[in-house]
Amino acid sequence: MPVRNRLAELHAEIAIWRRHLHQYPELLFDLPLTAQFVEDRLHDIGVDDVVTGLATTGLVAVIHGKTNESGKVIGLRADMDALPIHETSGVAYCSTTPNRMHACGHDGHTAILLGAAKYLAETRCFDGTAVLIFQPAEEGGAGGQVLCDEGLMDRWGIQEVYGLHNMPGWPVGHFAIRSGPLMASSDEFDIHVTGYGGHAAAPHHAIDTTLVASQIVVSLQSVVSRNIDPVKRVALTIGTFKTDSAQSNIIPHTARLCGTLRTLDPECRTLSMESVERVVDHTAAAFGASAAISWTPGYPVTVNHPQQTQYAIEAACAVAGEAQVDVDVDPILPAEDFSFMLKERPGAYIFLGNGDSEMCHHPSYIFDDDALPYGASWFVELVERRMPAQGV
């Protein structure tokens with residue numbers, strides 16, 4: 001079955017919701033306007049229950065099917081937060097808040113789940129319960145982990161959980177997924193190098209931390225190229241390089257390097273971290289300096305469960321046709337906090353084509369409204385296929 005006729009009819013309304021959300025972007029857990037808008041729409045739609053204030057501004061909506069003989073409960077998740085980026089898209093409904101925009105399509109994800117909610121509440125052609133999760137703080141705040149720590153899965157008895165993310169560069173109506181690792185873990189590191197400050201005219205009386213830190217940056221490139229199996233995927237990036245020097249004639253006493261490490265399996269994650277620490281420590285020591293490294297654990301690997309991946313594929317094929325579903329897409333190295341939910345319950349995460357748009361996190365990125373009915377239909381298909389109606 002292709003895009004549901006009713007969702008095609010609702011397309012314009014769902015797009016209005018999406019564009020409203022786009023105009024009023026909010027960050028991390030501080031989503032009062034977004035949460036209120038979602039809550040109001042859910043009450044208008046007529047879901048059976050709405051619970052607010054989860055993970056500060058998260059919401060859960062419950063929709064019961066016409067029957068509940070199966071006792072099944074399926075969770076569907078959308079993220080709601082925006083990014084601290086100044087929008088340059090030039091669309092008529094551009095962000096009204098400087099330095100904030102929906103540059104990753106969470107406005108689209110939220111609108112998609114609201115569209116699915118409206119359809120499911122109208123039809124209720126399933127046997128069981130659909131739990132719709134509207135999550136804050138995906139962009140670095142680990143809102144998914146907070147929801148899980150608050151007992152999300154047990155409180156609503158969720159047995160399986162599913163989510164989606166738009167993907168620029170892939171045709172609208174195209175889906176892509178794979179069983180196993182789909183997106184990477186991401187850990188941040190902070191390196192403090194201490195040398196011995198001095199005058200630029202007398203470097204022999206100093207230990208130049210600029211030189212030491214620079215050598216650490218270069219040497220860290222060997223972690224991926226020479227310490228990790230070449231068929232494994234690991235990305236190590238230095239994003240910040242600062243010294244305490246304010247003038248060109250000062251050799252700085254300290255330097256700081258910050259970056260991220262991204263991997264697709266726990267073994268590589270551990271080996272890479274150990275290699276980074278060894279390179280940092282020994283490189284600094286070779287120059288007579290010292291270095292300390294601290295880690296901030298990030299999101300774990302997003303791992304799709306095999307059986308639930310197959311369910312997600314079947315639903316996608318029903319919506320878009322087999323030719324438009326890539327069932328073994330290459331994993332990518334951005335991180336996603338839906339991974340915390342997949343550690344708690346079996347489920348799957350799928351990519352939805354966003355057409356020829358700028359990439360996510362670009363200041364001119366825009367979610368393609370033509371993708372809305374495809375995403376909403378996929379959620380509906382999952383619910384009705386996993387909890388088929390009994391005698392209705």
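Two strands are said to pair where DSSP finds at least two bridges between them, and strands (E, at least two residues) as well as helices (H or I, at least four residues) are DSSP runs numbered from the N terminus. The model shown in every view is predicted, with local features requiring pLDDT of at least 70 and side-chain atom pairs counting only at pLDDT 80 or more, while totals for chains, interfaces and linings use all residues. Residues are numbered from 1 along each chain as its sequence is written, and side-chain values use heavy atoms, with hydrogens and water left out.

**View 1. Strand β5 and its partners in the eight-stranded sheet.** The open sheet has mixed pairing and the strand order β1-β2-β4-β3-β5-β16-β6-β15, and its edge strands, each pairing on one side only, are β1 (49-54) and β15 (325-326). Strand β5 (160-167) runs parallel to β16 (residues 347-353), to which seven bridges join it; along this pairing V161 stands opposite G347 in β16, and M167 stands opposite G353 in β16. With strand β3 (residues 73-79), β5 pairs in the parallel sense over four bridges, and here I74 stands opposite E160 in β5.

**View 2. The two sides of β5.** In a regular strand the side chains alternate between the two faces of the sheet. In β5, E160, Y162, L164 and N166 point one way, whereas V161, G163, H165 and M167 point the other way. The strand is mostly covered, as eight of its eight residues are buried, where buried means under 20% relative accessible area, exposed means over 50% and partly exposed lies in between (1.4 Å probe, protein chains only).

View 3. Helix α8 (residues 306-320) lies across β5, β6 (175-176), β15 and β16, running at about 30° to β16; axes are lines fitted to C-alpha atoms, for helices over the stretch in contact, and angles run from 0 to 180 degrees between N-to-C directions. T309 lies in this helix and is buried, with a relative accessible area of 2%. Leaving aside neighbours within four places in sequence, T309 is in contact (heavy atoms within 4.5 Å) with I177, R178, S179, N304 and A348. I177 has its place in the loop between β6 and β7 (180-183) and is buried as well, with a relative accessible area of 0%. With neighbours within four places again left aside, the contacts of I177 include N304, T309, A312, I313, A348, Y349 and I350. The C-alpha atoms of I177 and A318, which are 141 residues apart along the chain, are separated by 15 Å.

**View 4. The loop position of T56.** T56 is found in the loop between β1 and β2 (58-64) and is exposed, with a relative accessible area of 57%. T56 and Q135 are 79 residues apart in sequence, and their C-alpha atoms are 9.7 Å apart in space.

View 5. Ten bridges join β8 to β12 in the antiparallel sense, and T194 stands opposite T254 in β12.

**View 6. The largest pocket.** About 800 Å³ of space lies in this pocket, and, of the 35 residues that line it, the closest to its centre are E139, R262, Y299, A335 and H361. The elements that give two or more residues to the lining are β5, β8 (185-194) and β12 (254-263), of which β5 gives the most, with three residues. The lining divides into 19 nonpolar, ten polar and six charged residues, where Ala, Val, Leu, Ile, Met, Phe, Trp, Tyr, Cys and Pro count as nonpolar, Asp, Glu, Lys and Arg as charged, and the others, Gly among them, as polar. On a 1 Å grid over the protein atoms alone, a pocket is an open set of points where a 1.4 Å probe fits, with protein on both sides within 12 Å along at least five of seven lines, and lining residues have an atom within 4 Å of a point. Grid points are joined across faces, edges and corners, and the volume is the space filled by probe spheres set on the points.
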